[in-house]
Amino acid sequence: MAVLATALVRSLSAVMNIMTLMIVARAVLSWVPMGVGGEFMYKLKNMLYQLTEFLIAPIRSLLNRTPLGNMPIDFSPVIALFAIQIIGSILIQIVILVLM
């Protein structure tokens with residue numbers, strides 16, 4: 001059981017880290033003008049957008065209902081990062097408690 005728990009914890013941690021990196025990369029690349037980097041940059045931005053939008057879109061729609069929705073800076077990636085860390089930590093604790 002300990003081997004299974006270790007494998008699940010490592011897998012969850014890897015998924016959390018990959019999602020975190022993709023969201024940070026998306027946020028950083030959103031500040032790069034569209035003409036810079038050519039077709040490669042366009043494809044990279046598009047790929048990151050498609051892979052992370054399922055997390056960021058619901059948060060953005062909730063933020064639009066608050067005073068933060070009228071801000072010129074989109075805070076939804078930051079909230080998505082917090083959510084990933086919190087949910088991931090809870091899931092890891094559950095795996096440890098149940099399988100160890």
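A salt bridge is taken here as a side-chain nitrogen of Lys or Arg lying within 4 Å of a carboxyl oxygen of Asp or Glu, and by this rule the count comes to four salt bridges. The structure is a predicted model, in which local features need pLDDT of at least 70 and side-chain atom pairs count only at pLDDT 80 or more, whereas totals for chains, interfaces and linings use all residues. Residues are numbered from 1 along each chain as its sequence is written, and side-chain values use heavy atoms, with hydrogens and water left out.

Arginine 26 forms a salt bridge with glutamate 53, the closest N and O atoms being 2.7 Å apart. Because arginine 26 belongs to helix α1 and glutamate 53 to helix α2, the pair ties together parts that are 27 residues apart in sequence; helices are DSSP runs of H or I with at least four residues, numbered from the N terminus. Both arginine 26 and glutamate 53 are buried, where buried means under 20% relative accessible area, exposed over 50% and partly exposed in between, with a 1.4 Å probe and protein chains only. A further salt bridge joins arginine 60 to aspartate 74, with the closest N and O atoms 3.1 Å apart. Arginine 60 lies in helix α2 and aspartate 74 in the loop between α2 and α3, so this pair ties together parts that are 14 residues apart in sequence. Arginine 60 is partly exposed at 25% relative accessibility, as is aspartate 74 at 36%. Through shared partners, salt bridges join Arg26, Glu53, Arg60 and Asp74 into one network.

Within helix α2, glutamate 39 and lysine 43 are four residues apart, about one turn of the helix, and form a salt bridge whose closest N and O atoms are 2.9 Å apart; both residues are exposed. Lysine 45, also located in helix α2 (residues 38-63), is by contrast buried yet has no salt bridge, the nearest side chain of opposite charge, that of glutamate 53, being 14 Å away (Lys and Arg count as positive, Asp and Glu as negative, and His and the chain ends are not counted). Leaving aside neighbours within four places in sequence, lysine 45 is in contact (heavy atoms within 4.5 Å) with Leu29, Val32, Pro33 and Met34.

The axes of helix α1 (residues 2-29) and helix α3 (residues 76-99) come within 10 Å and cross at roughly 180°, the axes being lines fitted to C-alpha atoms over the stretch in contact, with angles running from 0 to 180 degrees between N-to-C directions. Helix α1 is therefore roughly antiparallel to α3, a term applied to angles over 145 degrees.

Definitions and conventions:
Helices (H or I, at least four residues) and strands (E, at least two) are DSSP runs, numbered from the N terminus. Angles under 35 degrees count as roughly parallel, over 145 as roughly antiparallel, 65 to 115 as roughly perpendicular and the rest as oblique.
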